[in-house]
Amino acid sequence: GGVLLQGRKPGSSLKNSNLVVIMFGYRDVSILPVKSGSLGKSLSKKIGGHNLYHWVGNQIAFHDYQKIARILCSSKKLGSRQLQLLMSNPDSLYKTQKIAQIKKAIREGKKQYWFTLSNWLRGNLERGLSEIIVAGGSAYYFRKDLEKLFQKLGVAQINWGDELEERITSSFGSQINTHSLHYRLSD
């Protein structure tokens, strides 16, 4: 609800709006629909980003899932230096093979997770929505994929809450970006 009220341009009305707020969290993905200005029944499912991080961790025998999340979300192009942080023994003779295994686990995990997530969204979002407001740190990892999906569903406007995050950063300063707190505060 807070994202709905604060994530849009100040002064914009919900009257006659047909939109959805989607929160992509670590544990859950939630949908809050608004039809003709009235809140609908929300949906939530435990298919948050943790599913991806746990799957990758289990494939590579590395169980610091928070660390996996930080590394995966830090950059779309992960280099060997970043991937070494996901190794139990980065000085191993098998470093090259282990990095290849980690890359494969990330690729396969992302495909499997996206399949689950996109199917659930397709099954629970109406076509032709006037707007989708997207929030939650896990959404940014799949931003391009989500934008393509929403366009296929005929969404007129995708709002990532960028203005809200800019207001938060200007209010609290740049130190909150260090640990992605602007995402947490906007959520």
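## How α2 and α3 meet

In this predicted model, helices α2 and α3 are roughly perpendicular to each other, because their crossing angle of roughly 110° falls in the range from 65 to 115 degrees. Two packed helices are described by the angle between their axes and the distance between the axes. For α2 (residues 50-60) and α3 (residues 65-74), the axes come within 9 Å.

Which residues of α2 and α3 meet? On the α2 side they are Leu 52, Tyr 53, His 54, Val 56, Gly 57 and Asn 58, and on the α3 side Tyr 65, Ile 68, Ala 69, Leu 72 and Cys 73. The residues of this contact divide into eight nonpolar, three polar and no charged.

## What α3 packs against

The buried residues of α3 are Tyr 65, Ile 68, Ala 69, Ile 71 and Leu 72. Their packing partners are α2, α4 (80-84), α5 and α6 (137-141). If you follow Tyr 65, Ile 68, Ala 69 and Leu 72 in the viewer, you will find that they are buried in α3 and also take part in the meeting with α2.

Now to α5, which has 30 residues. How far does α5 reach from its first C-alpha to its last? The span is 43 Å, close to the 44 Å expected at 1.5 Å a residue.

The buried residues of α5 are Ile 99, Ile 102, Ala 105, Ile 106, Gly 109, Tyr 113, Trp 114, Leu 117, Ser 118, Trp 120 and Leu 121. As background to a list like this, an α-helix has 3.6 residues a turn, so residues three or four places apart point the same way.

Ser 118 deserves a look of its own. This α5 residue counts as buried because its relative accessibility is 3%, under the 20% cut-off. Its side chain reaches the backbone oxygen of Trp 114 at 2.7 Å, and Trp 114 is itself among the buried residues of α5.

Ser 130 sits in the loop between α5 (95-124) and β5 (131-135). Is Ser 130 buried or partly exposed? It counts as partly exposed, because its relative accessibility is 33%.

Leaving aside neighbours within four places in sequence, Ser 130 is in contact with Asn 18, Leu 19, Ala 156 and Gln 157. With Asn 18 there is a polar detail to inspect: the backbone oxygen of Asn 18 lies 2.7 Å from a polar atom of the Ser 130 side chain. Ile 158 is 28 residues from Ser 130 along the chain, and the two C-alpha atoms are separated by 8.7 Å.

## Two buried strand residues

Val 21 belongs to strand β1 (residues 18-24) and is buried, with a relative accessible area of 7%. In sequence, Val 21 and Val 134 are 113 residues apart, yet their C-alpha atoms are 6.0 Å apart in space.

Asn 159 has its place in strand β6 (residues 157-159). Asn 159 is buried too, at 12% relative accessible area. A polar contact of 3.4 Å joins the side chain of Asn 159 to that of Glu 131.

## The chain overall

Stepping back, the protein chain has nine helices and six strands. Of its 187 residues, buried ones make up 39%.

What share of contacts between residues at least 6 apart in sequence joins residues at least 24 apart? For this chain, the share is 55%.

Conventions
Residues numbered from 1 in each chain as written. Predicted model: local features only at pLDDT ≥ 70, side-chain atom pairs only at ≥ 80, totals over all residues. Heavy atoms only, no water. Helix = DSSP H or I, 4+ residues; strand = E, 2+ residues; numbered from the N terminus. Buried < 20%, exposed > 50% of the residue type's maximum accessible area, 1.4 Å probe, protein only. Contact = heavy atoms within 4.5 Å. Polar contact = N/O pair within 3.5 Å; in protein donor to acceptor, adjacent residues only side chain to side chain. Expected span 1.5 Å × (residues − 1). Axes fitted to C-alpha atoms, helices over the stretch in contact; angles between N-to-C directions. Parallel < 35°, antiparallel > 145°, perpendicular 65-115°, else oblique. Nonpolar A, V, L, I, M, F, W, Y, C, P; charged D, E, K, R; others polar.
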